[in-house]
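Take a look at the fold below.

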Amino acid sequence: MKDITKYYLNKDILFKDIEEVSPKELKSRKKIKIFVATSTNKDYYAIFIVDSKSRFIRKNAEDLMQMEALLAQYKEHNFKKKELIISSPLCSKAKKLLEENKWRVRVDFM
């Protein structure tokens, strides 16, 4: 959690509250880190961190969007900012799909 706080602080985004949500709470077995955060500007963030060796493809993007819907239902809140932080190779179609659905994709984590 310290890494993600430091990462966003370098981008001039300061969180006043950040909480990690286990994928098991969303009834998922995916190896992914999920954070729910509130910035000082009162923007609500849903942050998904994917770190895998295989390429992140369009099917993964669709699964991620479903997981975000489950997270919104679980937290009973629609998130204004949805972000994917990824360190594995990313398919251009997956990136385009996420950006069309108002996601922000960051590939420069660590």
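Two strands pair if DSSP finds at least two bridges between them. Helices (H or I, at least four residues) and strands (E, at least two) are DSSP runs, numbered from the N terminus. By those rules, five strands form an open sheet in the order β1-β2-β3-β4-β5, and the pairing is mixed. The model is predicted: local features need pLDDT of at least 70, side-chain atom pairs count only at pLDDT 80 or more, and totals for chains, interfaces and linings use all residues. Residues are numbered from 1 along each chain as its sequence is written, and side-chain values use heavy atoms, with hydrogens and water left out.

**The sheet**
- Strands of a sheet pair through backbone hydrogen bonds, either parallel or antiparallel.
- Five strands make up this open sheet. Its edge strands are β1 (15–21) and β5 (103–106), and each pairs on one side only.
- From one strand to the next, the twist averages 20°. (Axes are lines fitted to C-alpha atoms, for helices over the stretch in contact; angles run from 0 to 180 degrees between N-to-C directions.)
- Six bridges join β3 (residues 44–50) to β4 in the parallel sense.
- Ile47 stands opposite Glu83 in β4.

**The helices**
- Helix α1 (residues 2–10) lies across β1, β2 (33–39), β3, β4 and β5. It runs at about 110° to β4.
- Helix α2 (residues 58–75) packs on the sheet and touches β1, β2, β3, β4 and β5 (contact means heavy atoms within 4.5 Å). Its direction makes about 140° with that of β3.

**A buried lysine**
- Lys82 sits in strand β4 (residues 81–86).
- Lys82 is buried. (Buried means under 20% relative accessible area, exposed over 50%, partly exposed in between, with a 1.4 Å probe and protein chains only.)
- Lys82 has no salt bridge, that is, a side-chain nitrogen of Lys or Arg within 4 Å of a carboxyl oxygen of Asp or Glu.
- Which side chain of opposite charge is nearest to Lys82? It is Glu68, 4.5 Å away. (Lys and Arg count as positive and Asp and Glu as negative; His and the chain ends are not counted.)
- Not counting residues up to four places away in sequence, Lys82 touches Ala46, Glu68, Asn101, Lys102, Trp103 and Arg104.

**Two positive phi values**
- Most residues other than glycine have a negative phi.
- Asp12 has a positive phi, near 60°. It lies in the loop between α1 and β1. Asp12 counts as exposed because its relative accessibility is 73%.
- Lys102 has a positive phi of about 65° and is not a glycine. Its place is the loop between α3 (92–100) and β5. Lys102 counts as exposed because its relative accessibility is 68%.
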